[in-house]
Amino acid sequence: MWQIVHQCPQCGAPVLLEETDRIFACPYCRVSLYIAARDYTALYWPASPAVAQEIVFMPYWRFKGMSFSCRGTEVQTKIVDMSRLAVPITGMPFSLGVRPQALKLKFVAPETSGTFFKPCLTLQDAVSGIEEQLNASSAAPRFHQAYIGETASLIYAPVFIHDNRLCDAILNKPIAPVPAEGFTALEPCDQREKLHLTFVPCLCPACGWNLEGEKQSLVLLCRNCNTAWSASKNGLYKIEFALSAEAAPGCIHLPFWKITAQVEGLQLASFADLLRLNNAPEVITPAREQQELAFWIPAFKLTPELFLLAAQRMTFFQEQGPFEENLSAASFHPVTLPSTEAIESITALLAQCAVPRKEMFPKLPQISVQPRTATLVYVPFRPSGSELIHSRMPLSINRNALKWGLSL
Ligand SMILES: [Zn+2]
Ligand SMILES: [Zn+2]
């Protein structure tokens with residue numbers, strides 16, 4: 001995992017962050033700030049102090065997340081961890097490769113000096129380009145592909161020109177001859193475009209209390225006025241949440257997105273329709289026909305197989321409450337997956353549930369999911385050895401898998 005060094009805006013101390021951190025917590029002056037990214041995080045490696053030439057920064061997309069690929073009659077899952085040059089410059093390495101741990105990244109800010117080129121390739125194109133190369137040999141038709149993950153960033157590598165050669169400004173050594181066309185195809189970012197993040201104080205906008213959250217958390221909680229907050233570039237906004245009211249002492253609440261949606265391209269108006277899609281042995285009662293279908297997607301990252309399994313079990317369970325909104329003494333696993341990403345995983349979930357798949361999979365390209373509501377629901381799990389166990393159905397999640405998910 002790469003680290004970022006950032007100067008504390010309050011006391012000036014240099015503070016180390018992990019790539020996945022959403023909260024900047026200064027160990028010196030104790031200030032706690034939510035890092036609200038505008039679209040993606042933009043980071044750079046500073047040039048070696050030994051380089052005297054003018055530095056230009058070349059953009060690379062970096063993506064880490066879960067991949068769900070519906071091929072033939074299978075939902076194939078994997079972790080994608082890739083980087084790719086985002087500009088057409090011959091001679092530049094295609095990916096970032098392995099970098100020494102000692103090298104720390106910094107956030108790109110309007111005051112950062114040097115020329116930063118805009119990416120010519122979108123993140124989506126970079127990810128699918130890599131995937132096409134990896135899957136070129138696979139014969140099974142692909143009906144659906146989803147990338148679910150939040151760690152997407154633009155990373156700038158410094159270069160300079162010396163003796164008609166393109167040189168790496170970190171290692172201070174030549175990489176390739178300067179491309180004949182130079183950098184004329186590239187467009188530099190203006191100062192305003194270098195503003196990718198704002199730092200928002202972790203204070204409850206409703207009551208002024210300190211908000212709580214693990215450093216990777218996208219959602220902050222106020223135990224004083226029982227509210228939950230997330231951040232956009234415009235600051236903190238309140239989000240709907242609920243807690244399953246039957247929590248036993250010592251349990252840990254795992255967050256799920258309860259999503260209701262209009263699914264186009266498939267008959268899926270009620271819970272009964274999901275049971276039919278699954279060819280479930282359960283008798284379909286009129287009550288099931290009336291019951292609204294909600295998708296229950298983990299609001300945290302896991303290995304993709306476990307993520308899909310948890311979503312499937314929770315969706316078939318359709319937790320009915322009672323729910324409450326009292327955060328008082330409960331302990332929580334951080335929310336690390338936003339609702340927008342959870343919604344993107346619904347088609348893969350439906351594919352996973354379909355029986356038989358042979359008929360269903362060719363319909364996948366026509367499916368579109370239009371979300372109506374997304375509520376964050378904290379569900380209590382009971383610790384038992386290394387597992388966390390749901391109290392009323394067979395679903396257990398290993399604590400190490402949760403911990404691993406925090407670094408994805
Ligand atoms: Zn500080
Ligand atoms: Zn509050």
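**Where the domains meet**

Author: Happy to! The chain is divided into domain 1, made of residues 46–101 + 111–195, and domain 2, made of residues 240–405. Please keep in mind that this is a predicted model.

Let us start with how the two parts sit against each other. Taken over C-alpha atoms, the centres of domain 1 and domain 2 are 34 Å apart. Where they touch, 19 residues of domain 1 are in contact with 23 residues of domain 2. The size of an interface is often given as the accessible area lost when the parts come together. For this pair of domains, the buried area is about 1600 Å², and 73% of it falls on carbon and sulfur atoms.

Now look at the side of domain 1 that touches domain 2. The elements giving two or more residues to this side are β6 (56–71), β7 (74–85) and β10 (142–162). Of these, β10 gives the most, with eight residues. Sorted by kind, the residues on this side of domain 1 comprise nine nonpolar, six polar and four charged.

Strand β10 also brings us to the aromatic rings. The structure has 16 aromatic pairs. In one of them, the ring centres of Phe116 and Tyr156 are 4.9 Å apart and the planes stand at 85°, so this pair is edge-to-face, the class for angles over 60 degrees. Phe116 belongs to strand β9 (residues 115–116) and Tyr156 to strand β10, so the pair links distant parts of the chain, 40 residues apart.

Salt bridges do occur in the structure, with a count of 10. In one of them, the side chains of Lys215 and Asp21 meet at 4.0 Å, N to O.

Finally, here are some backbone details to look for in the loops. Gly321 and Pro322 are joined by a cis peptide bond, with omega of about 10°. You will find Pro322 in the loop between α4 (304–317) and β20 (323–324). A cis peptide bond also joins Val355 and Pro356, with omega of about -10°. Pro356 is in the loop between α6 (346–353) and α7 (357–360). Arg30, a residue other than glycine, has a positive phi near 70°. Its place is the loop between β3 (23–25) and β4 (32–37).

How values were computed. Residues are numbered from 1 along each chain as its sequence is written. Chains are lettered from A and ligands numbered from 1 in the order in which they are written. This is a predicted model: local features need pLDDT of at least 70, side-chain atom pairs count only at pLDDT 80 or more; totals for chains, interfaces and linings use all residues. Side-chain values use heavy atoms; hydrogens and water are left out. Domain bounds come from an automatic or database domain assignment. Contact means heavy atoms within 4.5 Å. Buried area is the accessible area (1.4 Å probe) that two parts lose on being put together, summed over both. Helices (H or I, at least four residues) and strands (E, at least two) are DSSP runs, numbered from the N terminus. Ala, Val, Leu, Ile, Met, Phe, Trp, Tyr, Cys and Pro count as nonpolar, Asp, Glu, Lys and Arg as charged, and the others, Gly among them, as polar. Rings of Phe, Tyr and Trp (its six-membered ring) pair if their centres lie within 6.5 Å; planes under 30 degrees apart count as stacked, over 60 as edge-to-face and the rest as tilted.
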